[in-house]
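I opened the notebook to record what I looked up in this model. The entries go from single residues to the chain.

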Amino acid sequence: MNYRKFQADKIFTGFEFLDPGHVLILDEEGKVVEIVPEMDAGDEIKRYRGIICPGFINTHCHLELSHLKNTIPPHTGLVPFLLEVVTNRNHDQSLILDSIEKAEKEMELEGIVAVGDICNTGITLQTKSKSKIKWNNFIEVLGMRDDKAEANLLHYESILNAFTAAATNLEGVSFKSSLVPHAPYSISNKTFEGINNRTGGDIVSMHSQENPAEDELYKKGTGDFIQFFNQLGLTESPFPVTGKSSLRSCLPHFNKQQRIILVHNTFTAEEDIVFAKEHAKKFLSGIHFCLCVNANLYIEKRMPPIDLLMKNKAEIVLGTDSYSSNWQLSIASEIRTIRKEMPAIPLQLILQWATINGARALERDDVLGSFETGKKPGIVLLDNALQAQKIV
Ligand SMILES: [Zn+2]
């Protein structure tokens, strides 16, 4: 057996930094054999400057929006941003496919090994079918009308079936695919019900509290989203006024042991974090809070309440969101931004979010997320400026 041996200034295992003087040993397929003291490692050790980590997990992306790179101006606020996305979606097919290919390659070179990817269509299938990255395809439902809910869900199920069929027919692809709701401001009650009934035990992501207007919509039926609905031809909010926050109004639709990934959480209050964890204990198999800090700064110029999430021991994971609201698709860049904005958070913790926590959220921790014996997590090198490079 040919072993491959790696040493760096620091090894991050997925959980912690090891003392200097350790060597990571992989077999020829890239599976972790063990981590040993340097004196027991023998020769032919590759040495690097910086930190070596398990491959990164990007828990939230929209690969199919990659052609919107540099299209939508930053700092518009959420509602004008959404209208820009709706109007800019349709471009020349070959241009869209080309930008998807480039974005997939970029993520691979940045050391990303698994992606939770939002799909409104099947356009990313071609690229994903020959990708080295593992894909959790979140087939994202948009559906504001109760009377059209079932017909609408059938449409999205046909996209889901295309991904499921590809996973069975193509060798080497690693897909997990499920239906997910877009956001509290785009899903009617019956649509939520239909998604809940179809996702028992699945992983379900939902954009949540990206903007304070989401709460206002459910608490009072007013606010910025009314303008968004008007643009779509609706005269008023299609959703019930519950008097509660959007998260409290919508999360209870899920009660079939799904694993839920809440994305953004930029305006999530502490009581909502507590509520979500309580709901998860009774009805879900897990709840994860995904941070996409570069996208939050791009759209709203605002950081999510990381301190509150940490205080309440929330399971934090990281995502890049899409090229409609980011300058690059790089988990290392998300880490650098968190370091810059909140320097008190230890790097070890942020690296856990980027590796083992993300792997758990995507149910990939049997293979990815840490340097534990038998796993095949890939290796990413972070240099002293926290720039990433895939090395395995
Ligand atoms: Zn998103």
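Entry 1. I began with Gln348, which is partly exposed at a relative accessible area of 29%; buried means under 20%, exposed over 50% and partly exposed in between, with a 1.4 Å probe and protein chains only. I am working on a predicted model, where local features need pLDDT of at least 70, side-chain atom pairs count only at pLDDT 80 or more, and totals for chains, interfaces and linings use all residues. Residues are numbered from 1 along each chain as its sequence is written, and side-chain values use heavy atoms, with hydrogens and water left out.

I placed Gln348 in helix α13 (residues 347-361); helices (H or I, at least four residues) and strands (E, at least two) are DSSP runs numbered from the N terminus. Leaving out residues up to four places away in sequence, I found Gln348 touching Phe12, Phe15, Glu16 and Phe17, where contact means heavy atoms within 4.5 Å. Gln348 and Phe12 are 336 residues apart in sequence, yet 7.7 Å apart in space, C-alpha to C-alpha.

Entry 2. I then checked backbone angles. Most residues other than glycine have a negative phi. His75, not a glycine, has a positive phi of about 65 degrees. I located His75 in the loop between β5 and α1 (78-88), and His75 counts as partly exposed at 42% relative accessibility. Gln209 also has a positive phi, near 50 degrees, and sits in the loop between β9 (203-208) and α6 (213-220). Is Gln209 buried or exposed? I noted 1% relative accessibility for Gln209, so it counts as buried.

Entry 3. I turned to helix α2 (residues 93-109), whose 17 residues reach 25 Å from first C-alpha to last, close to the 24 Å expected at 1.5 Å a residue; the expected span is 1.5 Å times one less than the number of residues. I list Ile96, Leu97, Ser99, Ile100, Ala103, Glu104, Met107 and Glu108 as buried in α2. The buried residues of α2 pack against β5 (56-61), β6 (112-119), α3 (125-128), β7 (134-141) and β14 (388-390). Just after α2, Gly111 has a positive phi of about 85 degrees.

Entry 4. Last, I looked at the chain. I counted 13 helices and 14 strands in the protein chain. Its radius of gyration is 21 Å, close to the 21 Å from the globule rule for 392 residues, so the chain is as compact as a globular protein of that length; the radius is taken over C-alpha atoms, and the rule is 2.2 Å times the number of residues to the power 0.38. Of the 392 residues, 57% count as buried.
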